[in-house]
Every structure is written in structure tokens, then in C-alpha cells.
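Please look through the sequence and the structure below before reading on.

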Amino acid sequence: MSGDAGTAGNSGYGRKPFKRSKSHFADRITADGRDGWPVESGRYRLVVSRACPWASRALVSRRLLGLEDALSLAVADPIQDDRSWRFTLDPDGRDPVLGIRYLGEAYDRRETGYPGGVSVPAIVDVPTGALVTNDYQRITLDLATEWTALHRPGAPDLYPEARRDEIDEVMAGVYEDVNNGVYRAGFATGQEEYEAACAGVFRRLEELAPRLERQRYLVGDTLTEADIRLFTTLVRFDAVYHGHFKCNRWKLAEHPVLWAYVRDLFQTPGFGDTVDFDHIKRHYYQVHTGINPTAIVPLGPDLAGWLTPHHREELGGRPFGDGTPPGPVRADEEVPASGRP
């Protein structure tokens, strides 16, 4: 994630107004290698947390585009310590490819003494062990447009050129009021700050609902980057944002249109099969001790509803356009049963 807890580590969340950190390392991995980082199968490693909505965008995109063999995956422990993301899920607490205990070590190899936060998603150059980029806004767009030579046969076009202006416009509103808005509400330090952010979240969701009542997806009749970016916030809404971040005017499960929309996406290959509710809940409730000092993780909500019929197919639409769904999840990347509905 790319928030700023200040120097107080995990306990700093909720102690000062939330500020979304800019991506300090914004190099791009491109087909022509113009930033010095050419697209190359096997050269780079994507580091994510399944808890993080920003990293989850990359997980969904990578799977939809079939980049699993070209771009390897490292999954960090959902529970950070004050050195940030760590590889304690792996044997001996080290990433087996990069050989490091903390993602921060890859940051140090890129820029010694870098003073900013260590965020995911991050892409690391395997030969040097140095960070390439942590630009969470750009990574998925480049996976869709610059990595095309390595896409699977039948991969969807997630950022179609003819629709980019509309996609960008929708994503800008979603980013400001929903993706970022839940954090501004959750980490608010005063009543007015909280109310403004919370109101903005629900105002934007209520503006999106009529669009999604008419059409299956946000832009056009196929899945795009816009759906991925909204999904990764909505899938966390009732589990953490409603209670932990106090975005509680209503639950997503109480909104017929948005609940059906997010269930449709969840049941689409490439979306729900990347989601780990156990990681999500433990991260938010146990890491953000500034706003949940007991670190108690709630038992609910009941996850069974995610797999119930949504009937969104009645609106038409072609999820993958002229392409096809991704194949089964690789065994080594499957979400454990503890994190699934």
C-alpha cells in the first residue's frame, strides 16, 4: 500500500490526516525499453500483498492477461512490522527468488537511504535485486499495453484505445472518492474530515449505480481497467471499510445494483480467485493499531453470499470481448481455503 503512517510505524495510522504517497520510483517497463527496462520474460518479479487493494489490481491484471510465466510473483505477509512488507510466508522468511527478508532491501538496492515508505505493488529486477517501479497507477496500464507480446492467446484488451478517455474519466472519480476516499475516512483525525470523506465515498457509489444498472461493466460491454480498480475496493468494503474505516452508511450487500455487480466480477475468472479475505481482514485490523489498538479481527461478515447468483448476464456484455477467460489458477498461486468464501 502507498499510505503514509509517518515515523510512528503501524501505530501512526489514524494519528494524523491521511496522505497518499506519490510513487517515488516511476520508471516504466516498456516494449521499447525507453526507461532502460525492456519487457522481458522472467526478468522481473511482482511483489504484492493480497491484503492491499492497490497491489490486487496487479494480481487481477496479471492473471487476466496470462502473464504468470512471464512475470513471477512474490506474496508478502499481510502483517507488516515497522520495516514494512516482509517475506515471512516463505521458507526461512526469505523470498526464494530475490533472497531478501524485506521488500525494503530491494528499495535500498535501488536508492540507498531512500526516506519514503515501502509500498506494494512493486516490480523488482531479478538480476540486480533492485526495485524498478512502485508506480501503482501505471503498473497495470503498462501490463495491458506494453507487455502485449507476452499476453496469453485470448487475453482481453483491458485498456482499449478507443475507450481510454472514458475509462480515464471514470477511474479518476473512482480513485479520488472511492479508492482513496475510504482511506481518508478511515484515517481521519477529526469529525469534519471524516464526514467529508465518508460522504464522498457514498456520493460517488450512488453516482455509479445508475450506470451499472443499465450496463454490465463500467465502460462499454467488456471488462476494462476501470472495473478492476473499482472491484478491489468494493470486494473489501463490507469486510473492512464498513466497520474498520467507518464507511457505514450502508453495506455493499444492502445495495442491490452494486452488490450484484461486484459478485459478477468476483465470480469471473481472474477476479475472485485472487482474493484472500483472511489476508485482507488480518492486515487491516492487526496492522492499523492506531485505529484498532486491540488488534481484534472480527468474525464476520459471512462470505457465503459472494457465490450466490447475480443475474448480471441478463444485461448482456462480453466479459473478455473477443478473447477468452484465463485458465485455472496455478497450484502454487492458489488462495488458501482459509481465505476463500
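What percentage of the 341 residues of the protein count as buried?

## Overall form

This is a predicted model, and in it 55% of the 341 residues of the protein count as buried.

The C-alpha trace spans about 50 × 50 × 35 Å along the principal axes of the protein. A compact globule with 341 residues would have a radius of gyration near 20 Å, and the protein, with 19 Å, therefore agrees with that expectation. When contacts between residues at least 6 apart in sequence are considered, 70% of them join residues at least 24 apart.

## Surface and charge

The accessible surface of the protein comes to about 14000 Å², and carbon and sulfur atoms account for 49% of that area. Among the side chains, 41 are positive and 50 are negative, while the centres of these two sets lie 2 Å apart.

Side chains of opposite charge can pair when their charged atoms come close. A search of the whole structure finds 28 salt bridges, and some of them are described below.

## A buried pair

One of the salt bridges is formed by R43 and D125, whose closest N and O atoms are 2.8 Å apart. R43 lies in the segment before strand 1 (44–48) and D125 lies in strand 3 (residues 122–125), so this pair ties together parts that are 82 residues apart in sequence.

Are these two partners buried or exposed? R43 has a relative accessible area of 19%, and because buried means under 20%, R43 counts as buried. D125 is likewise buried, with a relative accessibility of 2%.

Which side chain meets E166 in a salt bridge at 3.2 Å, N to O? The side chain of R163 does so, and R163 is partly exposed, with a relative accessible area of 37%, whereas E166 is partly exposed at 27% relative accessibility.

E166 also forms a salt bridge with R211, with the closest N and O atoms 3.2 Å apart. This pair links distant parts of the chain, since R211 belongs to helix 6 (residues 191–214) and E166 to helix 4 (residues 164–179), 45 residues apart. R211 is partly exposed, its relative accessible area being 22%. Elsewhere, salt bridges that share partners join R28, D32, R34, R138, D142 and E146 into one network.

Notes
Residues are numbered from 1 along each chain as its sequence is written. This is a predicted model: local features need pLDDT of at least 70, side-chain atom pairs count only at pLDDT 80 or more; totals for chains, interfaces and linings use all residues. Side-chain values use heavy atoms; hydrogens and water are left out. The radius of gyration is taken over C-alpha atoms; the globule rule is 2.2 Å times the number of residues to the power 0.38. Buried means under 20% relative accessible area, exposed over 50%, partly exposed in between (1.4 Å probe, protein chains only). Contact means heavy atoms within 4.5 Å. Accessible areas come from the Shrake-Rupley method with a 1.4 Å probe; for residues, only the protein chains shown count as cover. Lys and Arg count as positive and Asp and Glu as negative; His and the chain ends are not counted. The place of a charge is taken as NZ of Lys, CZ of Arg, CG of Asp or CD of Glu. A salt bridge is a side-chain nitrogen of Lys or Arg within 4 Å of a carboxyl oxygen of Asp or Glu. Helices (H or I, at least four residues) and strands (E, at least two) are DSSP runs, numbered from the N terminus.
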